Amino acid sequence: MARVGDSYCWLIADDPAACPYLGAQEAHLLSDVRRRNREKCVGCEELRHDLAELRRTGGPLLEALTAILDEALNRCRPILRTLQIKEELLDILRHLSHSLQLALDPDEILYKGLVAFTAGSSLGFNRGLALLVEEGMLCGYFALGPRDGEEAARIWQEVNERGTTLADLLQYSPEVFAREREKFRPWLERFRFALSESPFREAFSLPIPHAPEAGRVLEITPEAPLPEVLREFYREATFWIVPLLSHEERPLGALLLDNFLTERPISAEDRLAMELFAMEIAVALERGLAHTELREKVEMLEEAYRRIQEHQQTIIRLREEAAVAEMTLQLTHTIKNPVVAIGGLARHLHKKLDEHSPYRRFTAAIAQEASRLEETVQDFVKFAALKYATERHPVDVNGILELLAHEKMETLRHGPPIRWHLDLAPVPPILADERQLYHCVENIVNNAIEAMSDGGDLFIESRRSDDAILIIVRDTGPGLTEEAARNLFKPFFTTKPTGSGLGLYTSKQIVESLGGELQLLRQLGQGCEVVIRLPIPEAPSETSTEGEFGARRAS
Amino acid sequence: MAKILIVDDEPNIRLLYKAVLTEEGHEVVEAENGRQTFEALEGEPFDLVILDIRLKAESGLDLLQGIVARHPQIPVILCSAYVAFQDDYTSWLAHSYCVKSSDPRALVEEVERVLARRASPGTRDPEP
C-alpha cells in the first residue's frame, strides 16, 4: 500500500481501504491515526518500506530515526513476551486459587496443583509428582503427566484439538485421579524418603536464613547425588523440588517438577511463580489434611461412643441376669424348702396311715400338689438358667443327641413302650452352649414322649443342609389340634394337667438365640414333627473341621 | 444300721429326713449350723453326713470344706434345692449330690449307695 496518492497509508484517517490490516474490532483505529501508528504500524512492513524509501530521499536524520526505531522494537519484544507470560501465570493462579477455595480432599488439591504446574505455556512443566509426609516419611502420592514422548505428543494433540481450557483441566474427578495415579503407581510405591535425606533436607531448609532471596525452589541437576530410585526415575533430566509447608513451616509434602521431554530451563521469574503456586497449594493442603484428620477423629469418637453404648447395654443385661439369677435362687430357696417339707411329710404320713383310712385321700392330695409346685419351681429355674447361658463352643450335635437318647431310654425304661430310632448324618459342629442345646432338644423329646402315652415310635435325626444343620424329632402320637399347634411355643401354654408351659417356649428361645429357627411340620392325626434348624458358623473354628463327627446310626 | 448327721437350718426338713431315715433303720442326729455340726462330729463317731448347701448364716460349701479337712473318713452327701451348685468345684469334695425333693426315695437310695460304698473303702463316686 504505502503511498496513496501524495500521502501515505499511515497518515490517512478517513479511507478504510488505506489499511487492510485493521480487524473488525479495530475500526476505531482508522480515525485515531496516532494510536494506529503505535499499535499497528510499529511492526508493519509497509511503514518499514516507506521509511527505507524516505531514508534514501530524506537524508541522514531519517536513517538514524529508523535505527532507533528498530532498536526500540527489539527491546520491546521480550518485555511483551514477559507480559504475556505473566498474564497467563496470573490467569492460572486465579483459576487455581478459585478452584482450591472449597476443596477439602487432599487428592483433589494435589491434582489441581499439579495441573496448574503442567498446563499452558507459562510454567508448563512436562511432568509433576507429589510426595506427602506420612509418619515422618516423604511418600509417593500422586503424579501427573506423560510417561514418555509418545504419550506426551498424544496428550498435547488432544488438548489442542479439543480446545481444552485450563478450567476444563482443573475439573477434578476421582476417576481421573485414580487413572493418573495408576499410571505411576509402581514408582509412587517405591518413593519413600526420610525428610533428613538429601536432597529433601536441603529443599526443606531453604531459604537459607541470611539469603531469603535464594527462594524455595531447589534445582536438581543430573550430576547431583540422589537416592537411587529418584535417579532411576529422572535419569538425565533436571528437576525442581518445591516444598509444601504448613503455615508454621511444618513439612506437608513436596512437588517434584521436570521438563524431561522439552528440556526447557526455568527462569528466575518462573521460580517466583512456582513459589506462589506452592503457597496456594500448601494452604489448601494443610486445610484439607486437617479436615481429613478431623473427620477421622470424629469417626473414631462416634465409633467409641457406639461401643460405650453397646457396653452399657451389656452391663444392663448382665445386671438383669444377675438380678434374675439372684431372684431364682431366692425363689428356689424360699419356696422349695417348705414345699419339700410339706410334700415329704405328707408322703410319710400317707405311708403311716392305715390303708383304708379316709384321710389317705387328703395326704395323697397334699403330696401331689407339692409335687406340682416343685416341678414349676424346677422349670422356672431351668428357664432362667437357660435364658441367660451364653457361653458358646463348637458343639457336636450328634454327640448330644446320642447322650440324650441314651439317658431318656434309661429313665423311661418302665414307661410306655417307645421304640427309639436314631438316625444321625455327619454334621459339622455348631457354636452353642452344650447344656443349653441338650435341654432344648430334651424339652422337645419330652413333649413327643408325653404325646405317646400308649407307646409309639420316636425318631431323632440329624441332617445337613447347605448352610445349616437340622435336628428332627418326630413322634407317632395323635398330633396336635390347630389351636395347640398355634400356641405350642408360646410361654405358659400347656395341655398337660401339670407343667409350667415353659418347656417348648424355652426351646424356641434357645434355638432363636443361636440364630436358628424351630418349625412344627406335621399335625393332627399323623403325629408331630419338630425341625430345629441351626446355622453352621461361617468360619469353622480351629478345633473343628467339617465331618469330624462321623455318621452314627442306632435304633 | 448307720449313724447319720443331718445338717440343715430348716427344722421341717430335718424333721422329714429324720422320719424317713429313722424308718430305714438309721440313727439320726440333727445339727442346724456349723458349730453344732462340729460339736456332734467331735463328740461321737458318724457313718455319714447329709449337708444342706445353703445355711442361713454360712455357706454349706465352706462347712463342707471344714468337714472334709477335719473328718476325711466321713462321707458327705450334699443336699440342696439348687441344681446349679452341682457344678461348683467345691461340691466335688462331697461323695455325692442330691437335689431336695418331696419324694425322699432319691435320698434314701443315695444314702444306701454311699454306705454300701463305704463298706468297701477306697472308692469314690465318679464325677456327676
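Five helices of chain A, namely α4 (60-100), α5 (106-118), α6 (149-162), α7 (166-169) and α8 (174-190), each contribute at least two residues to the lining of the second largest pocket. The description refers to a predicted model. Among the elements of the lining, α6(A) is the main contributor, supplying eight residues. The space within the second largest pocket amounts to about 1,000 Å³. Its lining comprises 31 residues, of which Ile155(A), Trp156(A), Val159(A), Thr164(A) and Leu169(A) lie closest to the centre of the pocket. Sorted by class, the lining of this pocket consists of 13 nonpolar, eight polar and ten charged residues.

Arg94(A) and Asp91(A) form a salt bridge in which the closest N and O atoms are 2.9 Å apart. Both residues belong to α4 of chain A and are separated by three residues, about one turn of the helix. Over all chains, the whole structure contains 43 salt bridges. Side chains of opposite charge can pair when their charged atoms come close.

The interface between the two chains was examined next. The size of an interface is often given as the accessible area lost when the parts come together. For chain B and chain A, the buried area is about 1,800 Å², with 55% of it on carbon and sulfur atoms. Contacts across this interface involve 19 residues of chain B and 20 residues of chain A. Three salt bridges are counted between chain B and chain A. Lys351(A) is paired with Glu23(B) in a salt bridge, with 3.5 Å between the closest N and O atoms. Polar contacts between chain B and chain A number five residue pairs, with both residues at pLDDT 80 or more. On the side of chain B that touches chain A, helix α1 (residues 11-23) of chain B gives the most, with seven residues. This side of chain B is made up of ten nonpolar, three polar and six charged residues.

Two features of the backbone of chain A were also noted. Most residues other than glycine have a negative phi, and most peptide bonds are trans. The peptide bond from Ser198(A) to Pro199(A) is cis, and its omega is near 5°. Pro199(A) is located in the loop that connects β5 (192-194) with α9 (200-205) of chain A. Glu135(A), although not a glycine, has a positive phi of about 50°. The position of Glu135(A) is in the loop between β3 (127-134) and β4 (137-144) of chain A.

Conventions: Residues are numbered from 1 along each chain as its sequence is written. Chains are lettered from A and ligands numbered from 1 in the order in which they are written. This is a predicted model: local features need pLDDT of at least 70, side-chain atom pairs count only at pLDDT 80 or more; totals for chains, interfaces and linings use all residues. Side-chain values use heavy atoms; hydrogens and water are left out. On a 1 Å grid over the protein atoms alone, a cavity is a set of points where a 1.4 Å probe fits but cannot get out, and a pocket is an open set with protein on both sides within 12 Å along at least five of seven lines; lining residues have an atom within 4 Å of a point. Grid points are joined across faces, edges and corners, and a volume is the space filled by probe spheres set on the points. Helices (H or I, at least four residues) and strands (E, at least two) are DSSP runs, numbered from the N terminus. Ala, Val, Leu, Ile, Met, Phe, Trp, Tyr, Cys and Pro count as nonpolar, Asp, Glu, Lys and Arg as charged, and the others, Gly among them, as polar. Contact means heavy atoms within 4.5 Å. Buried area is the accessible area (1.4 Å probe) that two parts lose on being put together, summed over both. A salt bridge is a side-chain nitrogen of Lys or Arg within 4 Å of a carboxyl oxygen of Asp or Glu. A polar contact is a pair of N or O atoms within 3.5 Å; within protein, one must be able to donate a hydrogen and the other to accept it, and residues adjacent in sequence count only if both atoms are side-chain atoms.
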